[in-house]
Amino acid sequence: MKYVEVSGKKISAIGLGTWQFGSREWGYGREYTEKTAINLVHRALELGVNLIDTAEFYGFGKSETVVGNAISGLRDQVYIATKLFPIFPVSSMVLARAKASAARLQVDSIGLYQLHWPNPLVPIAETSKGLKELLDRGLAADAGVSNFSLNQWRRAEAALGKPIISNQVHFSLLSRGPEAELLPFAQANNRMIIAYSPLEQGVLSGKYNSANRPKGMRSARKLFYPANLDRVRPLLDKMAQIAKGHGATSSQIALAWLIAKPNVAAIPGAATLAQLESNVASAEIELSSAEIEILNEVSNQFDPIGPGALLTDLKTFVRRS
Ligand SMILES: NC(=O)c1ccc[n+]([C@@H]2O[C@H](COP(=O)([O-])OP(=O)(O)OC[C@H]3O[C@@H](n4cnc5c(N)ncnc54)[C@H](OP(=O)(O)O)[C@@H]3O)[C@@H](O)[C@H]2O)c1
């Protein structure tokens with residue numbers, strides 16, 4: 001395993017995302033939540049993962065409960081990251097909700113307490129008061145944010161008066177926005193970028209195409225439009241080619257590309273133990289700078305259609321039929 005060192009801690013560069021645990025939108029069912037999820041956490045820890053990411057929002061508390069049960073007796077091995085869903089995040093609410101998360105996780109102190117999204121109505125100074133109290137009382141070891149722009153991150157830090165050590169953002173070969181400002185800031189200031197949806201919910205594994213799309217929530221996402229699954233094929237082909245040279249898979253190349261960057265940890269979710277093991281093994285892959293450059297170039301060429309174009313396609317289809 002490779003580790004990111006931040007805030008005096010060694011955090012595994014591959015973590016485990018647990019939105020899938022107990023969340024209907026993923027449709028993995030009861031056996032997954034009751035059995036597979038627990039096995040995933042145990043196997044992850046065995047393999048040197050210590051970053052487990054959850055949120056009060058996932059399965060409306062179910063994910064935290066499953067993680068809490070799974071880490072029973074293993075708490076000292078885990079850096080638990082959970083998140084506050086930003087409904088009315090005034091300071092008293094931050095404290096109350098963090099305590100409820102800690103109770104579900106069965107911990108006295110949460111490793112990383114993150115604001116899930118910025119809240120445009122409640123001033124960050126107010127939310128930060130609650131965060132500060134959490135840190136001062138030892139109810140959380142570190143504070144983080146998620147889906148914050150650089151300005152929002154800096155403002156949150158200024159309000160807190162302490163480092164906000166991480167920003168969890170959508171970051172992958174198909175979502176490269178964080179490279180512009182967030183990543184340079186993290187690298188220059190001993191902060192961490194936690195990359196979510198690093199496999200684009202399965203797209204970057206190469207297993208989906210316009211004739212084989214996942215059911216449920218994912219099928220409505222722009223990247224899963226049949227036209228976009230066609231458009232991403234040149235990148236997937238290049239990834240498969242690079243993967244072959246490393247005796248690896250496309251998913252592993254997607255993760256290796258991310259964690260080759262200093263101060264980045266990725267938190268892929270997993271449907272099976274085999275996926276988890278493969279994701280963890282990506283930490284052993286060293287991509288050459290030439291390979292990274294090719295992946296950058298080909299990913300830059302991806303030009304997805306949006307919902308507007310989908311509607312135009314549909315209208316043309318209806319007119320013609
Ligand atoms: N902060 C935020 O706003 C936010 C937003 C989204 C996610 N997150 C966090 O980030 C975590 C990861 O993001 P995500 O779950 O959206 O997407 P992801 O990690 O990109 O995709 C996970 C899905 O990809 C497939 N997969 C995983 N490993 C694979 C492998 N080795 N080979 C083939 N397929 C594989 C599995 O689905 P199938 O096998 O069913 O295809 C799995 O459920 C979440 O669990 C959550 O903790 C945070």
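Reader: Where in the chain is Gln301 placed?
Author: The model is predicted. Helix α11 covers residues 289–300, and α12 covers 307–320. The place of Gln301 is the loop between α11 and α12.

Reader: Is Gln301 buried or exposed?
Author: Within 10 Å of Gln301 there are 10 other C-beta atoms. A residue counts as exposed if that number is 12 or fewer. Gln301 is therefore exposed.

Reader: What distance separates the C-alpha atoms of Gln301 and Ser205?
Author: Gln301 and Ser205 are 96 residues apart along the chain.

Reader: Are α8 and α11 roughly parallel or roughly antiparallel to each other?
Author: The axes of α8 (residues 233–246) and α11 come within 9 Å and cross at roughly 165°. Angles over 145 degrees count as roughly antiparallel. The two helices, α8 and α11, are therefore roughly antiparallel.

Reader: Which residues in α11 meet α8, and how do the residues of the contact divide by class?
Author: From α8 come Pro234, Leu235, Lys238 and Ile242. In α11 they meet Glu291, Ile294, Leu295, Val298 and Ser299. By class, the residues of this contact divide into 6 nonpolar, 1 polar and 2 charged.

Reader: Which helix gives the most to the shell around the ligand?
Author: There are 28 residues around the ligand, and Gly17, Tyr196, Leu199, Gly202 and Gly269 come nearest. By class, the shell has 9 nonpolar, 16 polar and 3 charged residues. The helix that gives the most, with 3 residues, is α10 (residues 273–281).

Definitions and conventions: Residues are numbered from 1 along each chain as its sequence is written. This is a predicted model: local features need pLDDT of at least 70, side-chain atom pairs count only at pLDDT 80 or more; totals for chains, interfaces and linings use all residues. Axes are lines fitted to C-alpha atoms, for helices over the stretch in contact, and angles run from 0 to 180 degrees between N-to-C directions. Helices (H or I, at least four residues) and strands (E, at least two) are DSSP runs, numbered from the N terminus. Angles under 35 degrees count as roughly parallel, over 145 as roughly antiparallel, 65 to 115 as roughly perpendicular and the rest as oblique. Two residues are in contact if their C-beta atoms, placed from the backbone, lie within 7 Å. Ala, Val, Leu, Ile, Met, Phe, Trp, Tyr, Cys and Pro count as nonpolar, Asp, Glu, Lys and Arg as charged, and the others, Gly among them, as polar. A residue is near a molecule or strand if its C-beta atom, placed from the backbone, lies within 6 Å of it. A residue is buried if 20 or more other C-beta atoms lie within 10 Å of its own, exposed if 12 or fewer, and partly exposed in between; C-beta atoms are placed from the backbone.
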